[in-house]
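The tour below moves from one selection to the next and says what is to be found at each stop.

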Amino acid sequence: MSKNYKEIKPISTTSTIEVRYAETDQMGVVHHAVYPIYFEQARVDWLRIMGMHYQRMEDSGVMLPLNKLTIDYKKPAKFGDILMVKTGLYQLPSATITFDYEIRNQYEELLTLGQTVLVFVKQSTGRPMRCPDEIMNLIENAIPKD
C-alpha cells in the first residue's frame, strides 16, 4: 500500500445475490468469470448506500474504470446459493479507490476474497482525476466514529 493512502476505519456494506443457473457450468458451479460481476454489483450497491448513485456520478462526468482485479477462490459457489458479498473500503481514495470483497454463502462459508482498484477519470478529457469532493465528503461522513 502506498504511503499516500490514509487508512480509515472500514466502511462496509453487504449485498445479497442469488446464484442464477446461467452463471454456472454443467456441474452447477459458478464460472470464475462471474465473480467480477458480483463485485461490480456489490460496489454499485456500496456507492448507492453511501449516497451516490452510479448513474448520477457518470452523468456528472466522472467515470470509474477498473485498473486492477484480484480474486482468491476458496470454495465454489453453486446454483441456488444465496451469496453475501461484503464490500469494504479501508483507505481514503485519491485518484484511485480500492475495494475489498468477501463472499460467503448462506451457511457463512467463506467462498471468495477479492479486491478491485478503480481510477477516477474525467469523462471530458479521459484523464485521471482526484476523487470528487462530493464522493469524498460522503465517504468521510460514513467513517464509523467508534
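In what order do the five strands of the open sheet stand? In this predicted model, the five strands follow the order β1-β4-β5-β6-β3, and their pairing is antiparallel. Select residues 7–18 and then 66–73 to see the edge strands, β1 and β3, each of which pairs on one side only. If you look along the sheet, neighbouring strands are turned against each other by 20° on average, when direction is ignored.

Next, select residues 35–50, which make up helix α1. This helix packs on the sheet and touches β1, β3, β4, β5 and β6, while its direction makes about 120° with that of β1.

Now go to strand β4, residues 82–91, which pairs with β5 in the antiparallel sense over five bridges. To find one place where the two strands face each other, select Gly88, which stands opposite Asp100 in β5.

Is Asn105 buried or exposed? With a relative accessible area of 4%, Asn105 is buried, because a residue counts as buried when that value is under 20%. Show the surroundings of Asn105 and you will find that it touches Asp81, Ile82, Leu83, Met84 and Leu111, leaving aside residues up to four places away in sequence. A polar atom of the Asn105 side chain also lies 2.9 Å from the backbone nitrogen of Tyr107.

Stay in the loop between β5 and β6, where Glu108 is also found, and select this residue. Most residues other than glycine have a negative phi.

For the last stop, turn to another open sheet, in which three strands are arranged in the order β2-β7-β8 with antiparallel pairing. Here β2 (62–63) and β8 (127–128) stand at the edges, and each has a single partner strand, so one side of each is left without a neighbour in the sheet. Select residues 121–122 to see strand β7, which runs antiparallel to β8 and is joined to β8 by two bridges. Finally, pick Lys122, and look across to Arg127 in β8, which stands opposite.

Terms used
Residues numbered from 1 in each chain as written. Predicted model: local features only at pLDDT ≥ 70, side-chain atom pairs only at ≥ 80, totals over all residues. Heavy atoms only, no water. Buried < 20%, exposed > 50% of the residue type's maximum accessible area, 1.4 Å probe, protein only. Polar contact = N/O pair within 3.5 Å; in protein donor to acceptor, adjacent residues only side chain to side chain. Contact = heavy atoms within 4.5 Å. Pairing = 2+ DSSP bridges. Helix = DSSP H or I, 4+ residues; strand = E, 2+ residues; numbered from the N terminus. Axes fitted to C-alpha atoms, helices over the stretch in contact; angles between N-to-C directions.
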